[in-house]
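Open the model in your viewer and keep the selection panel at hand. We will go stop by stop.

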Amino acid sequence: MTDVVTADAALEIDALDVVYRVRGRDRQVLRGLTLNVERGEAYGLVGESGCGKSTAALAIIQYLPRNGFVRSGAIRIDGRDVLALSGSELRRHRATAVSMVYQNPGAALNPSVRIGSQVAEVFKVLGVTGSDADDRSRAALETVQIADPGSVMKRYPHQLSGGMQQRVIIAMALATDPALLILDEPTTGLDATVEAEVLDLVAGLQSELKTSVLFISHNLGIIQKMCDRVGVLYAGRLVEEGDTESLLNDPRHPYTVGLLRCVPRGGVRKDHGRLDTIPGFMPNVGDDLPGCVFASRCTLAEDRCRTEEPDAHVVGLAHLSRCHFHDRAQTLPREFSADLVLPDVDRSGAPLLRFDDLGKVFAQGGHDVHALVGVSAAIWPGETLGLVGESGSGKTTLARTLLGIIAPTSGAVMFDGRDLAGTLGKRSASDLRELQIVFQNPDSALNRRHQVRRILRRALRKLAGLTGKQADARMLELMHSVRLSERYVSARPSQLSGGLKQRLAIARAFAGDPKLVVCDEPTSALDVSVQAAILNLLVELQAEKRVSYLFISHDLGVVRYVSDRIAVLYLGRLMELGPSETIYDGPHHPYTEALLSAVPTIDGEARERIKLDGDIPSASNPPTGCVFHTRCPRRIGAICDDVEPPLIDVEENHLMRCHIPLDQLRALQSDRTSLKSTITTT
Amino acid sequence: MSGMSEAAAGIQPRERDIARRETLRQLAKSKTLIAGVLIVGFWVACALFGSTIAPDDPLELTDVVLAPPSGAHWFGTDALGRDVFSRVIVGASETLKIAPLATLLGIVLGTTIGLITGYFRGIVDESISRVIDAFLALPLIVLAVTALVGLGSSNTTLIIVIGVAFTPIVARTVRATVLGERELDYVDAAKLRGEGSGYIMFVEILPNITGPIIVEATVRLGYAIFAVAGLTFLGFGVQPPSPDWSLQIADNYQLLSSGTYWWTVLFAALAVSSLVVGVNLIADGLQQVLDR
C-alpha cells in the first residue's frame, strides 16, 4: 500500500463531546474526550458499564445510534477528519482505514453464510475478485493461526467454537491492513483458556504487524497484558491517562485507585478482610456535573471538587490525572474490617451436603451427553466450596442437580443427614427452604413485573411461612441485611441498578434462613466495584449466619477470595478437589495449572502461560483414558490415552485425577524453565 | 422537570418507570394508532348514542322506498323505505357487542391453553398442540356454520362460536411467547420456593407476556368483526330486523345487479370496512410499540 509516512497519530480524538437526544433533551455521554493512539501502539480504554467506552468506539467509526451525535470536537484517523467525510467516503474509510472487533463473535458473523464467503467479502469490497479473494482469505485465516483454513472456510459460524469465531472476526478486521483496529471487549464472552489464546494471538499480531489498536475493556488485567498506554474513562471523561505500568502501579486518580483495589488479587481471601468498594453510583447519563465527575463518590472530595472542574495535571512522564488532589489520591481511605468473624469449619463432623457418584445424562439428537460423570464431594456447615471449570464442564448442571431443578441420572444427595429427592416436586418444604440459589443474571432471576415488596413477601410466605405484619417486619430486616434501602420497597427490578438487583436476589434466597446457597456466577454480570460489594455481602452473611456456599465462577480471583475449598470440573468429571491454597499454590492438576495460568492478573508476577491445544471436547464423545489427555501439556504417554486415572487422595484433603505422581508434578511445576521446554516441544 | 422529586423519592430517575413512560410516549406518537382510535372511537360513539344522533328511526317503514341520496335522506332509503343514513349510524351496535366479547372469550381460553402447553411442554403440549393443528386446518367459516346450524343462531352462540374458533390461534401465539419466558431464571426461582404450576403460569409468567396478548387481542378483534359480518351476511349471525351493516348488505345486495340502487349497499359496506381497518390500525400501532 502507499504508506505515506506522516507524523499523524493513528487516532486523534480532540475534546470530543457526544450527546444522545432522549425525549427532546440532550444527554451528554462523552465530555471533552481527548486521546491519541500513536502508530503501532496499543491503547487501552477502561471503565465500568455506562462510562461511555462503547460510545467512543461508535463515534470513531461514525456509527452512533440515530439519536446520538458529535456536538463538538474532532476525530482524526490517519490524519483524516472522520467527521467531515461524506457518505461514500465514509464507506470507503470504514472498508480500509478502521476495523472493529465486537464482544460477541457469534452475533458478528452471519449465521447463514459460510466462513469462506464472509472473509472473501472483505476483499471483494476492496475490489479483489474470484480466486484471488479466496486465496487472500485463506492467507488471512492462516495469519490468525487457524490450522486448517480450507475446512474452516467451508463451515458455517455455528460449527465453530467461540474462540475460533473470534479468530475469524480478527482475521476479517486485519485483512484490510487498517490504520486503526478497535477491539471492544473482544474476549468477555469467552472462557479463560480461550480468552488467553485470543489475547496471545492479538498481542502477537500487533507486535508483528505494528497495527495501532484501541483496546476497550473493563478488565484491568487484560489491559495490563495488552496495552502500552491506558486511559481511564469515568462518566464520559478521561480521568487518568498514562503508561500502563506507571498508571497501574502508581495510580493518581481516586477512581483508578478504587478500581484497582476492588479486584480480589494477590491471593487475598475472605479471612483477610473485606474487599474495597467504591460507594455510590455513577452519575446518570446527561447529569449536569459542574465539578469533578467523580466527586459524588470520592471520599477525598472537598468543596472545590464539586464546583471546579479539575485540569489534566501532569503527574509523571506522559501521565495525566484530572484530580485536584492527585498527589493524595492513594491515601483514599480503605475499607475497615476488624469485625468480620468467619465460621470455623469443623470437617470432623458430619457434612451439610454430600453427593456421591452423581451422574447426569442428557439425550440430545439421538446420542447421550454425559454432563456429569461420578461426581462426589461434600460441603461442611459454614464453608464455601468453589467450583471452577470452562463452560461445558458441568458446573451449572451440578448446581441444578443439587437444587433439584434437574434430576440426576444416578447417584445420591444427602443433605443435613437426610436423603434428598431428585426432583423439586418430591422435596419437602424444609429442603426447599434450606437449599437456595443466587443466579448469575438478576435481570433474568427477578420477575420484572413484580415489586420488591411482592418478591420478598412471597419468598417469606413460601419459605418462612410468614404473612401480614410479621412478613413486613422480616422483609425490612432482610433488606437491611443486604443493605438494600427501605425506600425501594415499591420499586420494580428495572428501577434498580445491577448491584441492587443482585442484593434483592440475595435477600430472596435468604428469606428462609437457608443452610446452603448455591451462587452461580453471582458477580459475573456486574462491574468490578459492584462485584466487590456483593462479595463482601456474601461473606458478611456467611459470618453472621454460618451459611455454606457452593460458589461457581469462572473468575479464579473471585473464587479464591470466597472459597475454603475448590473443586475443578472438566467434561463433567471432578479433576481436583482441595483446600483453596493448595489448589492455587500447587502442585496442582495440569488442567488446574492451565486454567490458572490463563488468567491475566494485575499482580505483576506474570505466570508462564500454559497453552491448551484446541477446545473442550464434546461431552457426547469424550476422549478415552484421561478425558484431559487431548489437551494436556503434561501428558506422559499411552497410559493417559488408554486408562482413566482414578480420583485419589494425593495428600491430606487433596484429591486429584492424574497419572503423574504428586512429587513429579511438584518438580515439574516448580521449575518454570522445564515447563517452557515442555510447551515448545509439544 | 420532575428530576428533583424523583431523586428525593430515592429511586434513580434514569430507571424510574422509564419503560412504561417510554411505551406511553411512543403510543401517543404513533399516527397509525391515533388514526385507528379515531375511526373506532367514532363507531363506538355511534353505537352508544346512535339512536339520538340518527335523524330518523332506523326501523321505521315509510312509503318513500328506494329513494336516492338527497337532502331529506342523505344516504337514500332502502326497499322498505327505511332511512339508510340512520341505519348506518346505529348499524355497528350489534357487531360491537358480539365481536369484543367473542375476542375476549378467545383470548381467555387461548391464553390459558397457551400457558399450559408452553409451560408444561412434553406430552401435554404434544397432545393439545396436535388437536390445535387439526382445528386450524379447518376453515373458520365451515366450523362456524356447522356449529350455528347445530346450536341455532343467537348472539350468545355467535360469541361462543367465534371465541372458540379463535382459541387455537391465540393459544399458538401465547405458547410461543411462554416458551421463551419459561427459560428465565425467575421461573426456576419460583419452583425453588415450592410454587405450584398455576401460580407460576398465571402470577409469574402471565404479567410478563401481556404485550403480545394485547396485540393479539386487537388483531383478533378485527377478525371477529369480519367473522360476525360474514356469518350475518350468510344468515347465521345477527337476525332481522336489526339495522346491522352486514344484514343491510345481505338484504340489498341483489338490488346491486340492477346498477341503480347502489346506496342501499355501499354505505353499509364502507362502514364495516372502515371499522375493520380502524381496528387493524390500532393493532399495527400497538404491535410496533409493544412487540419490539
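What pLDDT does chain A average? This is a predicted model, so colour by confidence before anything else. Chain A averages a pLDDT of 88, and 96% of the residues score at least 70.

**Stop 1**

Select residues 1-5 of chain A. Here the pLDDT is below 50, and the stretch has 1 contact in the model beyond near neighbours in sequence. Now select residues 672-682 of chain A. The pLDDT stays under 50 there too, with 11 contacts beyond four places in sequence.

**Stop 1: confidence in chain B**

Switch to chain B. Its mean pLDDT is 85, and 93% of its residues reach 70 or more. Select helix 10 (residues 197-205) of chain B: confidence in the chain is highest here, at 96. Then select helix 1 (residues 3-9) of chain B, where confidence is lowest, at a mean of 34. For the complex, the predictor gives an ipTM of 0.83 and a pTM of 0.85.

**Stop 2: where the chains touch**

Show both chains. The contact takes 28 residues from chain A and 21 residues from chain B. Select helix 9 (residues 185-192) of chain B. This helix supplies 6 residues, the largest share of the chain B side. Colour that side by class: there are 8 nonpolar, 4 polar and 9 charged residues.

**Stop 3: chain A as a whole**

Chain A has 25 helices and 24 strands. Its C-alpha trace spans about 75 × 65 × 45 Å along the principal axes. The radius of gyration is 26 Å, which agrees with the value near 26 Å for a compact globule of 682 residues. Buried residues make up 50% of the chain. Of the contacts in chain A with a separation of 6 or more, 67% join residues 24 or more positions apart.

**Stop 4**

For one bridge, pick A:Phe355; its partner in strand 14 is A:Ala377.

**Stop 5**

Select strand 6 (residues 98-101) of chain A. A:Val98 and A:Met100 point one way, A:Ser99 and A:Val101 the other, and all are buried. Click A:Ser99 to find a bridge partner in strand 7, A:Leu181.

**Stop 6: helix 11 of chain A**

Select residues 254-262 of chain A. This is helix 11, mostly covered, with 8 of its 9 residues buried. Among the buried residues are A:Tyr255, A:Val257, A:Leu259, A:Arg261 and A:Cys262. What covers them? Show helix 9 (220-226), strand 9 (229-234), strand 10 (237-243), helix 10 (244-249) and helix 19 of chain A, which are included in the cover.

**Stop 7: helix 18 of chain A**

Select residues 498-509 of chain A. Helix 18 has 12 residues and reaches 17 Å from its first C-alpha to its last, close to the 16 Å expected. Is this helix mostly covered or mostly uncovered? Mostly covered: 11 of its 12 residues are buried. The buried set includes A:Lys501, A:Gln502, A:Arg503 and A:Arg508. Show the surroundings next. The buried residues pack against strand 18 (435-438), helix 15 (442-445), helix 16 (452-464), helix 17 (468-481), strand 19 (516-520) and helix 19 (528-545) of chain A.

**Stop 8: A:Val482**

Finish in the loop between helix 17 and helix 18 of chain A, where A:Val482 is found. A:Val482 counts as buried because it has 21 C-beta neighbours inside 10 Å. Leaving aside neighbours within four places in sequence, A:Val482 is in contact with A:Arg503, A:Ile506, A:Ala507 and A:Leu537. A:Arg503, A:Ile506 and A:Ala507 are among the buried residues of helix 18.

Technical notes. Residues are numbered from 1 along each chain as its sequence is written. Chains are lettered from A and ligands numbered from 1 in the order in which they are written. This is a predicted model: local features need pLDDT of at least 70, side-chain atom pairs count only at pLDDT 80 or more; totals for chains, interfaces and linings use all residues. Two residues are in contact if their C-beta atoms, placed from the backbone, lie within 7 Å. Helices (H or I, at least four residues) and strands (E, at least two) are DSSP runs, numbered from the N terminus. Ala, Val, Leu, Ile, Met, Phe, Trp, Tyr, Cys and Pro count as nonpolar, Asp, Glu, Lys and Arg as charged, and the others, Gly among them, as polar. The expected span of a helix is 1.5 Å times one less than its number of residues. A residue is buried if 20 or more other C-beta atoms lie within 10 Å of its own, exposed if 12 or fewer, and partly exposed in between; C-beta atoms are placed from the backbone. pLDDT is the predictor's confidence in each residue, from 0 to 100. The radius of gyration is taken over C-alpha atoms; the globule rule is 2.2 Å times the number of residues to the power 0.38. Two strands pair if DSSP finds at least two bridges between them.
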